[in-house]
Amino acid sequence: MGKATLVIMRHGESTWTDKKVNKFAGWVDVPLTERGRSQAEAAGHLMEEAGILPDAVFTSLLRRSIVSADIALDVLGRLWVPAIRSWRLNERHYGAFQGETRPAMRAKYGDELFDIYRRSFDVRPPAIDEGSPYFQGEDPRYGALSQDGLDEIDPRQIRSECLKDVIARLEPFWKAYVTPPLLLGETVLVVTHGSVVRSLIKVIEGLSDEEIRKVDVPTGQPRVYEFETGIFGDLRLAGEGRYLDPDAAAKGAKEVRSLGSA
């Protein structure tokens, strides 16, 4: 019986997560704030103090994920570990909400519908218009190199997603790329986005569709899961997931919650 460690983390604060801006980013490639960079650095120190040394790292194709991972790994002296980047770890595609502020969308759709679009498991926001500057159809990062052959999904054609969609596009990637190093007993770091972290928490912890609506993910806070690896190539969760800094994570989750209620 072996052991493996999974660390999942939402990127540091981005320029659109900043409460003074408070926009839906989704697949829009926005940078980190200075605070976000500091959060990523602090995450590296938390892992260092906990003796967590990643053997592999996975990120999305968006800079806020990539840079957060690099900053944390630099603190750990492990920028050299193999990195795999995939659109399947991108934030949920927020459709027509991308580039719009949360208060504006709440005012437009009303409290109830806004909360359904933002937090429900299986209801997508309105689709993005192909003429929008935030539509990814012509973005080269979603061209031939992103056609991974794992299923028939073409990232250039996605117009909007709910959390159920995120889990569906994440599952084949997880099985093909993330599970194998865990089965070898390695430590895996996944630096991604709030909706992807929520998807993973739902699946790993077995939360219901209603329970996951109440989960808010703080920026830049590593969440750790320990697994036991079986002789038949299976993974079994060993204990509950935990944030390395529970107090900071709780404070960060409260900040995220406040963005949605602004």
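Me: Before any strand is discussed, I take it that two strands pair if DSSP finds at least two bridges between them. Which strand does E1 join, and how many bridges join them?

Reply: Helices (H or I, at least four residues) and strands (E, at least two) are DSSP runs, numbered from the N terminus. Strands E1 and E4 run parallel and are joined by six bridges; Arg 10 has Thr 192 of E4 as its bridge partner. Strand E2 (residues 56-59) also runs parallel to E4, with four bridges between them, and Ala 56 is partnered by Val 188. The model is predicted, so local features need pLDDT of at least 70 and side-chain atom pairs pLDDT 80 or more, while totals for chains, interfaces and linings use all residues. Residues are numbered from 1 along each chain as its sequence is written, and side-chain values use heavy atoms, without hydrogens and water.

Me: Which residues of H8 are buried, and which are exposed?

Reply: An α-helix has 3.6 residues a turn, so residues three or four places apart point the same way. In H8, the buried residues are Ala 249, Gly 252, Ala 253, Val 256, Leu 259 and Gly 260. They lie on the same side of H8 because they cover an arc of only 110 degrees around the axis, taken from the directions from the helix axis to the C-beta atoms. Asp 247, Lys 251, Lys 254 and Ser 261 are exposed on the other side. The buried residues pack against strands E1 (2-10) and E7 (242-243) and helices H3 (102-109) and H4 (111-119).

Me: What space lies in the largest cavity, and which residues lie nearest its centre?

Reply: Rolling a probe the size of a water molecule over the atoms shows where empty space is left. A cavity is a set of points, on a 1 Å grid over the protein atoms alone, where a 1.4 Å probe fits but cannot get out; lining residues have an atom within 4 Å of a point. The largest cavity holds about 230 Å³, a volume being the space filled by probe spheres set on the points. Of its 22 lining residues, Arg 10, Glu 91, Tyr 94, Arg 102 and Gly 194 lie nearest the centre. H6 gives the most to this lining, with three residues.

Key. Buried means under 20% relative accessible area, exposed over 50%, partly exposed in between (1.4 Å probe, protein chains only). Contact means heavy atoms within 4.5 Å. On a 1 Å grid over the protein atoms alone, a cavity is a set of points where a 1.4 Å probe fits but cannot get out, and a pocket is an open set with protein on both sides within 12 Å along at least five of seven lines; lining residues have an atom within 4 Å of a point.
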